[in-house]
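Q: Please take a close look at one part of this model. Then set that part in its wider context.

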Amino acid sequence: MRMRIVLVCLAIVAFADAASAQDLRTEIDAALAVPPGDARLERYPTDEHLVGGAAADDCCPDVKDYCAPEDPCKPWNVELILGFSLAQGNSDLLNFTFDGRADYEKGPWAIGNLVQFVYGENAGVRSAENWRTKHRVDRKFSDTSKTYAFGQLLFNRDELSGLEYRFTPTVGIGRTLMQGNRGFLKGEIGGGAVHEKRLGMGATTAPSAYLGLDMERNWRDGKKIVVDYDFVANLDDVGLSFWTLDTKFFVPVCAWMDLTVGVRLDYVFEPPGGAESLDVLTVVGLNVRLSDI
């Protein structure tokens with residue numbers, strides 16, 4: 001008889017504990033839905049909801065999918081691409097390419113710098129020497145906005161095509177058209193000016209209109225493709241309008257280095273002096289991510 005009474009008491013206690021736990025969970029859920037006063041309660045995800053089972057504070061390159069794109073784990077991204085080829089004997093060729101970039105992104109601000117240089121010789125005669133740089137500053141309208149204002153300066157130099165120098169300052173508006181953990185697509189419009197000088201001719205300055213597209217696509221195995229398109233319309237002389245399409249494909253070699261294959265197309269509608277409209281510049285080399293070393 002005493003044993004039955006003890007078992008009944010234990011059952012009552014267990015039921016009461018379960019009911020109390022259920023009531024406590026209900027109260028927590030209600031508090032999360034409507035926090036009291038100025039208090040802020042957050043429910044943190046369990047390990048299985050994080051990439052690789054990492055903790056919420058372990059924001060590192062191995063769990064990039066967990067880091068929000070607008071607040072990256074590393075605000076600086078520095079990369080150098082070097083390509084070199086040499087042939088002697090029946091052919092005498094020398095080609096060298098350099099592509100360096102340094103980008104910074106934190107909150108609503110982003111700063112980008114790009115420098116590209118291509119040099120080539122054929123039988124000891126210079127066959128290519130091309131400079132291109134891009135410097136820009138972006139500012140989102142808010143931390144979460146997909147729309148942003150930007151200012152940038154493009155510089156080009158290619159004496160073999162008759163271009164001594166070209167400066168293109170531009171301001172405008174851009175918007176992120178698509179955004180995800182695996183890439184993005186951005187579109188931009190703006191206006192500014194084109195100041196250029198060609199060999200044997202005087203310098204000219206003209207108003208300009210600008211259209212830009214930027215795309216990046218990443219794969220889970222680390223491969224990546226990046227596309228950068230810039231179109232500048234010379235509003236005084238349409239023949240001097242130009243566009244640049246720069247495409248690069250990256251295949252990881254190790255944690256901080258990629259094999260890179262790229263092609264850049266530079267096109268001027270009607271270049272003076274009998275120069276060719278289209279220049280095709282290719283690169284096969286190694287991309288070193290200094291920020292990951």
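Which residue in S8 does Glu196 stand opposite?

A: Glu196 stands opposite Thr204 in S8. Keep in mind that the model is predicted.

Start with the two strands around this pair. Strand S7 covers residues 183-198. Strand S8 covers residues 204-218. They pair in the antiparallel sense, over 14 bridges.

Now the whole sheet. S7 and S8 belong to a barrel closed by 12 strands. The order runs S1-S2-S3-S4-S5-S6-S7-S8-S9-S10-S11-S12, and the pairing is antiparallel. Neighbouring strands of this sheet are turned by 20° against each other on average, with direction ignored.

Next, the surface. A nonpolar patch is formed there by Trp219, Phe249, Val253, Leu259, Val261, Val284 and Leu286. Together these residues have about 600 Å² of accessible area. Strand S10 (242-254), strand S11 (257-268) and strand S12 (278-289) are the elements that give two or more residues to the patch. Take Leu286 from this group. Leu286 is found in strand S12. Its relative accessible area is 38%, so Leu286 counts as partly exposed.

One loop also deserves a look. Ala123 lies between strand S3 (109-122) and strand S4 (125-140). Phi of Ala123 is near 55°. That is a positive value in a residue other than glycine. Ala123 has 53% relative accessibility, and the cut-off for exposed is over 50%. Ala123 therefore counts as exposed, whereas Leu286 is partly exposed.

Methods: Residues are numbered from 1 along each chain as its sequence is written. This is a predicted model: local features need pLDDT of at least 70, side-chain atom pairs count only at pLDDT 80 or more; totals for chains, interfaces and linings use all residues. Side-chain values use heavy atoms; hydrogens and water are left out. Two strands pair if DSSP finds at least two bridges between them. Helices (H or I, at least four residues) and strands (E, at least two) are DSSP runs, numbered from the N terminus. Axes are lines fitted to C-alpha atoms, for helices over the stretch in contact, and angles run from 0 to 180 degrees between N-to-C directions. Buried means under 20% relative accessible area, exposed over 50%, partly exposed in between (1.4 Å probe, protein chains only). Patches are made of residues with over 30% relative accessible area and no salt bridge: like charges are joined within 9 Å, nonpolar side chains (Val, Leu, Ile, Met, Phe, Trp, Tyr) within 5 Å. Accessible areas come from the Shrake-Rupley method with a 1.4 Å probe; for residues, only the protein chains shown count as cover. A salt bridge is a side-chain nitrogen of Lys or Arg within 4 Å of a carboxyl oxygen of Asp or Glu.
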